[in-house]
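Please have a look at the structure first.

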Amino acid sequence: MSSRMLPVPDGLDGMRVDAGLAKLLGLSRTVVAELAESGDVLLDGRPAGKSDRLSGGGLLEITLPEPANPVEVVARPVEGMQILHDDDDIVVISKPVGVAVHPSPGWTGPTVVGGLAAAGLRIATSGAAERQGVVHRLDAGTTGVMVVAKSEHAYTVLKRAFKERTVDKGYHAIVQGHPDPMRGTIDAPIDRHPRHDYKFAVVQGGRPSVTHYEVVEAFRAASLAHIKLETGRTHQIRVHFSALRHPCVGDLTYGADPVLARHLGLNRQWLHAKTLAFAHPADGRWVEFESEYPDDLAKALEILRDESY
């Protein structure tokens, strides 16, 4: 067990203990609630319940359990994962659906890093043990193009590029209805959902999040949008379009119509990382990569096009 003492920032004044500590420590509200219930959260020397309110300037003392052993990377071939480019510094892949980027507690499915290991590719050793070489991520349910660093130099350069937003990330999404205007920018902060830890939401005081979009094709009940991300928050596209009341088709977590999803044969959100472009870490030349739609998304798009005529 380890103990941490820290003052309550003024920005968390009045916030519930579970919500405030989750934001402060990067833990889930469920974990913080369990710590509070076990008496491991003290506020000004007295045990604090999960629903107690924080006061700016107060003193928090949190007793944290020792971290679990890091999740091991298991070399395991990934069916459908395509290598689009491979050199001494980077490997660019097209990630299939149902594949996580790296191992995590509770995930038993295939991973990108495990698939690369099974293919005999060595990647950078920078980063946490289970996600070495990983410079950005896609949700397990999102397909498309992504880059992994093979050299330590590439890891450092690409990490900085993603942080400084010099990477051009292009997505295609089919969203329900017809966004108005057909071209626009969604600038709305995102954070953990206030009631459901497993998803995110537009939340006042959340992390700045900016999504640019343009509708490139309209159907009777949906629209195909080309999307550029200025920031890269977890579930950003899904959350932003759900907030506009135009969720990604098939995205039941964020309010999509299950009837339409079944009609199109979708078991996940229609969202695909289509293009990725950046300055190559070896020599700075601009490189661009593109991933084709996987079969389930292509079939759903074909149905929408056929029904629009």
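Let us start at the interface: 26 residues of domain 2 are in contact with 24 residues of domain 3, where contact means heavy atoms within 4.5 Å. This is a predicted model, in which local features need pLDDT of at least 70 and side-chain atom pairs count only at pLDDT 80 or more, while totals for chains, interfaces and linings use all residues. Residues are numbered from 1 along each chain as its sequence is written, and side-chain values use heavy atoms, with hydrogens and water left out.

The protein chain is split into domain 1 (2-64), domain 2 (70-164) and domain 3 (165-308); these bounds come from an automatic or database domain assignment. Between the C-alpha centres of domain 2 and domain 3 the distance is 21 Å. About 1900 Å² is buried between domain 2 and domain 3, and carbon and sulfur atoms give 63% of that area. Buried area here is the accessible area (1.4 Å probe) that two parts lose on being put together, summed over both.

One salt bridge is counted between domain 2 and domain 3, the term meaning a side-chain nitrogen of Lys or Arg within 4 Å of a carboxyl oxygen of Asp or Glu. On the domain 2 side that touches domain 3, strand 5 (82-86), strand 6 (90-95), strand 7 (143-149) and helix 4 (152-163) each supply at least two residues. Helices (H or I, at least four residues) and strands (E, at least two) are DSSP runs, numbered from the N terminus. Helix 4 gives the largest share of this side, seven residues.

The structure as a whole holds 13 salt bridges. Arg238 sits in helix 5 (residues 236-243) and Asp139 in the loop between helix 3 (112-118) and strand 7, so their pair ties together parts that are 99 residues apart in sequence. Three of the salt bridges can be set side by side:

| Pair | Closest N to O distance |
|---|---|
| Arg268 and Asp296 | 3.0 Å |
| Arg285 and Asp283 | 2.8 Å |

Salt bridges with shared partners join Asp139, Arg238 and Asp251 into one network.

How accessible are these side chains? Arg238 counts as buried at 7% relative accessibility, and Asp139 as partly exposed at 21%. Buried means under 20% relative accessible area, exposed over 50%, and partly exposed in between (1.4 Å probe, protein chains only). Arg268 is buried at 7%, whereas Asp296 is partly exposed at 25%.
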